[in-house]
Amino acid sequence: MEKQYVRALFNAIAFRYDLLNHLLSGGADLYWRRRAVEHMRKLQPRRILDVATGTADLAIAALRLGPLEVIGVDIAEEMLKRGREKLEKRGLGGTISLRHGEAEHLEFAEGRFDAAMVAFGARNFENLDLGISEMHRVLRPGGMVLVLEFSRPRLFPFKQIYLFYFKRILPLVGRSLSRHGHAYTYLPETVLRFPEGADFLTLLGRAGFTGAAEDRLTLGIATVYTGIKPASPAAAGVSPSPGGP
Ligand SMILES: C[S@@+](CC[C@H](N)C(=O)[O-])C[C@H]1O[C@@H](n2cnc3c(N)ncnc32)[C@H](O)[C@@H]1O
């Protein structure tokens, strides 16, 4: 989706973003983020990047792992502003810092982070492959990528009930509370288009990650994807460029 459109959309709904998230998911979004960061516990990451951090809920969830620093980047200033207010209120500004930044052009050196994560942001990237490749670049060898994203339940009749809620009820509630004409129609559209399950694992492999795995949450409403940046490109099955060393 075009970046300007996405930025304008999230700037417009920022004032109601957290409330709508918790309301429309019945509070499950908080549990999903907590559960997602547990996938990084073994790694004990000290430096964590949160791409498309929004109002910093995933960055805050990651604090339970005791990192030295968490940096959140996002293209929507209004989302970052709400996030900074939240951090200030909770006294979390020491460990977490938020700044403007685009997933497709991360302004960090190669190998800067132990973990790079994104929650409910990847499906908004203008260029998904490039965003994931950038996360790969800024990770140290052995570092972990973690993507939490909506997915589509498969089980009858839950799938049918959920899709009715997602496509019919959610846009109505979203529209009336966010006062935004199409933000909550855009949400189901992007989720239904996003490459999920095996398709997303293939994408992680293409970006150079090994051991790509998925953890489907709440009957598949959301999924956590993880992968490891291997110590050498050969270990990832990526062949060196022709003429290279
Ligand atoms: C649905 S919100 C998710 C926010 C947060 N991660 C969470 O868990 O609630 C999606 C966020 O992605 C940001 N975003 C979309 N495309 C982006 C991009 N290309 N680079 C950085 N941020 C982006 C939006 O501005 C928005 O704040």
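Which strands does helix α2 (residues 28-37) lie across, and at about what angle to β5 does α2 run? Helix α2 lies across β4 (113-119), β5 (139-150), β6 and β7 (222-228), and its direction is at about 160° to that of β5. The model is predicted: local features need pLDDT of at least 70, side-chain atom pairs count only at pLDDT 80 or more, and totals for chains, interfaces and linings use all residues. Residues are numbered from 1 along each chain as its sequence is written.

**View 1. The open sheet of seven strands.** The strand order is β3-β2-β1-β4-β5-β7-β6, with mixed pairing. Strands (E, at least two residues) and helices (H or I, at least four) are DSSP runs numbered from the N terminus, and two strands pair if DSSP finds at least two bridges between them. Strands β3 and β6 (210-217) stand at the edges with a single partner strand each, so one side of each has no neighbour in the sheet. From one strand to the next, the twist averages 15°.

**View 2. Strands β2 and β3.** Strand β2 (residues 69-74) runs parallel to β3 (residues 96-100), and five bridges join them. Ile71 has Ser97 in β3 as its bridge partner. Val70 stands opposite Ile96 in β3.

**View 3. Packing of helices α1 and α4.** The axes of α1 (residues 3-24) and α4 come within 7 Å and cross at roughly 25°. Axes are lines fitted to C-alpha atoms, for helices over the stretch in contact, with angles from 0 to 180 degrees between N-to-C directions. The crossing makes α1 roughly parallel to α4, a term for angles under 35 degrees. In α1, Phe10, Asn11, Ala14 and Tyr17 meet Glu77, Glu78, Met79 and Arg82 of α4; contact requires C-beta atoms, placed from the backbone, within 7 Å. The contact comprises four nonpolar, one polar and three charged residues. Ala, Val, Leu, Ile, Met, Phe, Trp, Tyr, Cys and Pro count as nonpolar, Asp, Glu, Lys and Arg as charged, and the others, Gly among them, as polar.

**View 4. The shell around the ligand.** Of the 22 residues around the ligand, Ala52, Gly54, Ala76, Ala103 and Ala119 come nearest; the shell holds residues whose C-beta atom, placed from the backbone, lies within 6 Å. Helices α1 and α3 (57-62) are the elements that give two or more residues, and α1 supplies the largest share, four residues. Eleven residues of the shell are nonpolar, four polar and seven charged.

**View 5. Two backbone features in loops.** Most residues other than glycine have a negative phi, and most peptide bonds are trans. Ala52, in the loop between β1 (47-51) and α3, has a positive phi near 55°. The peptide bond from Phe156 to Pro157 is cis, with omega near 0°; Pro157 is in the loop between β5 and α6 (158-178).

Conventions:
Angles under 35 degrees count as roughly parallel, over 145 as roughly antiparallel, 65 to 115 as roughly perpendicular and the rest as oblique. Two residues are in contact if their C-beta atoms, placed from the backbone, lie within 7 Å.
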